Amino acid sequence: MTHFETDAIHAGQEPDPLTGAVVPAIYQVSTFKQDGVGGLRGGYEYSRSGNPTRDALHVCLAEIEKGTHAFATASGLAAEDLILRTILKPGDHLITPIDAYGGTYRLINSVYGEWGIEHSVIDQSDLVAVRNAIKPGKTKAIWVETPTNPLLNISDIAALAEISKEFGLLLIVDNTFASPYLQQPLTLGADVVIHSTTKYLGGHSDVIGGAIVVKDEELARQVGFLHNAMGPVAGPFDSWLVLRGIKTLGVRMDRHCENAEKIVEFLLSHPRVKQVFYPGLKSHKNHGVAARQMKSFGGMLSFQVVGGVEEALEICRRVKIFTLAESLGGVESLIEHPGKMTHASVAGSSLEVPEDLIRLSVGIEHVEDLINDLSQALDQFA
Ligand SMILES: *Cc1c(COP(=O)(O)O)cnc(C)c1O
């Protein structure tokens with residue numbers, strides 16, 4: 001067995017047999033010549049159904065998430081839609097987290113709601129609440145995000161997997177925040193992993209993409225059927241960018257985590273900071289679970305400031321190295337105000353976030369420069 005860092009660079013990416021090219025070519029092509037009707041070369045006929053660059057990404061994703069099959073999609077939300085359409089019918093029910101990516105909530109609540117899918121929003125760190133929310137015969141899956149966005153709550157994947165098995169549900173984990181370098185839900189008993197590859201897997205803020213990884217043959221067949229039948233596939237160049245990003249995932253994550261820990265330390269000591277949310281903190285409610293299921297605690301954190309919403313917005317304006325932008329997981333540090341940006345779509349719902357909250361996606365710049373930048377922005381209020 002080779003290690004994660006080795007698989008991330010090599011899985012699905014043997015040198016090209018014809019030319020020796022050491023990285024997969026970008027097969028930017030829609031259709032493939034047949035040698036007589038049905039005479040396919042390598043099984044390829046049309047790029048929605050199959051494309052060599054996307055296939056290389058599928059092999060790599062399956063390997064690094066410890067699944068058997070992966071499917072690359074045009075966005076993270078396309079991956080979510082694909083798995084939900086695979087497993088749900090009108091009348092079915094889902095358990096969703098209290099603190100989730102805003103777009104996930106919008107998809108399940110506003111889009112699937114219209115199609116007769118019910119869902120219960122549950123604090124999944126409370127296993128009793130999860131059990132009580134299951135509607136026998138109707139509930140089909142538990143949708144988990146851990147760590148959550150933007151409050152960095154942690155749920156126990158192995159414990160939720162046990163509950164899922166007991167009731168015959170699927171456990172779907174959105175592993176975007178942790179990345180497979182830090183956490184591998186399929187090894188903890190989850191059935192499906194979802195990614196926005198736009199984030200850490202791509203890692204350079206230059207691609208929108210998503211993925212589904214599964215470990216069951218029959219589920220893979222069903223997802224594969226809809227992947228082709230509905231067509232939310234990742235294009236060849238986007239697939240290639242994600243493959244390239246994955247090669248450096250391990251070293252990037254190490255630095256993201258290291259920088260985030262130092263920034264957390266700085267924020268905790270600052271008089272304008274009211275509370276810091278980071279699973280690496282001993283004081284975090286589920287630090288023990290995080291320490292068990294994650295290799296390290298990631299590059300995402302959020303904090304509340306003492307001066308309320310105006311101060312939070314002003315800090316977002318005053319930083320110079322942190323870029324004010326949505327998204328996360330790239331090499332560059334980003335700052336955002338969830339209440340007015342990423343989570344504006346959940347305002348007024350049970351997922352509403354505090355308005356004095358700031359979220360950071362800590363990049364891999366020199367940490368002293370990042371701390372100095374936050375310091376000059378926060379010190380204006382001291
Ligand atoms: C960004 C994100 C998504 C959605 O992915 P897109 O690529 O933007 O469609 C889903 N889940 C999480 C946790 C995300 O951060």
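Aspartate 123 and lysine 285 form a salt bridge, with their closest N and O atoms 3.9 Å apart. A salt bridge here is a side-chain nitrogen of Lys or Arg within 4 Å of a carboxyl oxygen of Asp or Glu. This is a predicted model: local features need pLDDT of at least 70, side-chain atom pairs count only at pLDDT 80 or more, and totals for chains, interfaces and linings use all residues. Residues are numbered from 1 along each chain as its sequence is written, and side-chain values use heavy atoms, with hydrogens and water left out.

**Domains and their interface**

- The chain is assigned domain 1 (4-247) and domain 2 (250-379); such bounds come from an automatic or database domain assignment.
- The C-alpha centres of domain 1 and domain 2 are 26 Å apart.
- Contact (heavy atoms within 4.5 Å) links 39 residues of domain 1 with 43 residues of domain 2.
- Domain 1 and domain 2 bury about 3,200 Å² between them, and 61% of it is on carbon and sulfur atoms. Buried area is the accessible area (1.4 Å probe) that two parts lose on being put together, summed over both.
- On the domain 1 side, Tyr181, Leu182 and Tyr200 lose the most area to domain 2, together 24% of what that side buries.
- Between domain 1 and domain 2 the count is 2 salt bridges.

- Helices (H or I, at least four residues) and strands (E, at least two) are DSSP runs, numbered from the N terminus.
- Strand E4 (residues 139-145) is mostly covered, with 6 of its 7 residues buried. Buried means under 20% relative accessible area, exposed over 50%, and partly exposed in between (1.4 Å probe, protein chains only).
- Strand E2 (residues 93-97) runs parallel to E4, joined by 3 bridges. Two strands pair if DSSP finds at least two bridges between them.
- Isoleucine 95 has isoleucine 142 in E4 as its bridge partner.
- E4 also runs parallel to strand E5 (residues 170-174), with 5 bridges.
- Leucine 171 in E5 stands opposite isoleucine 142.
- From E4 the chain crosses through helix H6 (residues 157-167) to E5 in a right-handed β-α-β crossover. Right-handed means that, with the strands pointing away from the viewer, the path from the first strand over the helix to the second runs clockwise.

**Histidine 69**

- Histidine 69 lies in strand E1 (residues 69-73).
- Histidine 69 counts as partly exposed because its relative accessibility is 24%.
- Histidine 58 is 11 residues from histidine 69 in sequence and 7.0 Å away in space, C-alpha to C-alpha.
- Leaving aside neighbours within four places in sequence, histidine 69 contacts Ala62, Ile212, Val213, Val214, Glu217 and Ala220.
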